[in-house]
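Thanks for asking me to look this over. Here are my notes, point by point, to read with the model open beside you.

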Amino acid sequence: MRSYDDPCGIARGLDVVGERWALLVVRELLFGPKRFTDLHHGLPAASQNVLSQRLRELEESGVVRRRRLGPPAGASVYELTERGRDLEPMLFHLARWGSRGPIASQNELSADALMFALKTSFAPEAAAGLAARYEIRLGDDRFRATVADGRLELARGEAAGPDAVFHTDASTLRALVFTGKGLTEAVRDGTATIEGDEKAAARFVGLFPRPTPVRAI
């Protein structure tokens with residue numbers, strides 16, 4: 001690993017997570033452990049060799065650890081350590097800062113990247129008076145979302161007794177919450193299905209206003 005050879009805390013932090021893909025590996029693990037194949041699915045532009053190298057470096061730095069799941073799974077997964085989870089507030093603010101810039105990539109967000117985008121764009125004032133639980137199903141990925149007291153909590157896994165369940169894909173959900181596609185339209189064209197309270201579902205997709213873009217001077 002390259003080093004800035006600078007005693008500043010910023011430089012020492014970048015010595016650990018400043019290599020290409022390192023912070024995006026952390027992003028992909030914020031909602032829970034993943035197998036290598038699932039990590040690569042979330043970061044398809046990273047070669048397997050580069051991804052393996054980043055994971056080794058993050059393990060050596062104490063940001064990520066690998067563990068073996070018990071039977072019947074019997075697979076190895078990567079997960080964040082406590083030191084790795086400490087990066088979430090920094091990633092939160094970096095994501096909010098970066099989201100105000102232009103979008104150059106035409107690639108779709110991974111499911112985990114989209115969930116993190118929901119966290120960083122959530123508007124508490126839009127959720128005034130709303131108390132509801134949701135389950136978001138994006139292919140094989142499951143996330144549960146709870147909105148209450150002007151706060152949003154997101155986690156991987158199924159929701160217990162959700163008010164509404166979204167069956168869709170990352171591209172459609174992104175269009176619903178960020179580009180103004182109507183929920184009725186998505187249901188009509190078959191790209192989304194809603195179980196449960198449709199009004200609660202419609203309220204949910206309106207909680208994430210796009211940030212005001214920064215114009216270049």
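1. A word on terms to begin: helices (H or I, at least four residues) and strands (E, at least two) are DSSP runs, numbered from the N terminus. The model is a predicted one, where local features need pLDDT of at least 70 and side-chain atom pairs count only at pLDDT 80 or more, while totals for chains, interfaces and linings use all residues. Residues are numbered from 1 along each chain as its sequence is written, and side-chain values use heavy atoms, with hydrogens and water left out.

2. Let's start with helix 1, residues 9-17, which holds isoleucine 10. Isoleucine 10 has a relative accessible area of 63%, so it counts as exposed (buried is under 20%, exposed over 50%, partly exposed in between, with a 1.4 Å probe and protein chains only). Together with Tyr4 and Leu14, Ile10 makes a nonpolar surface patch with about 340 Å² of accessible area. Patches are made of residues with over 30% relative accessible area and no salt bridge, with nonpolar side chains (Val, Leu, Ile, Met, Phe, Trp, Tyr) joined within 5 Å and like charges within 9 Å. A salt bridge here is a side-chain nitrogen of Lys or Arg within 4 Å of a carboxyl oxygen of Asp or Glu. The areas come from the Shrake-Rupley method with a 1.4 Å probe, and for residues only the protein chains shown count as cover.

3. Five strands form an open sheet in the order 5-4-3-6-7, with mixed pairing; two strands pair if DSSP finds at least two bridges between them.

4. Strand 3 (residues 132-138) runs antiparallel to strand 4, joined by seven bridges. Tyrosine 134 has alanine 145 in strand 4 as its bridge partner. Strand 4 (residues 141-148) is also antiparallel to strand 5 (residues 151-156), through six bridges. Two residues lie between strand 4 and strand 5 in their hairpin, and aspartate 149 in the turn has a positive phi of about 55°.

5. Finally, is serine 121 buried or exposed? Serine 121, in helix 7 (residues 111-121), is buried, at 12% relative accessibility. Beyond residues up to four places away in sequence, serine 121 touches Phe178, Leu207, Phe208 and Pro209, where contact means heavy atoms within 4.5 Å.
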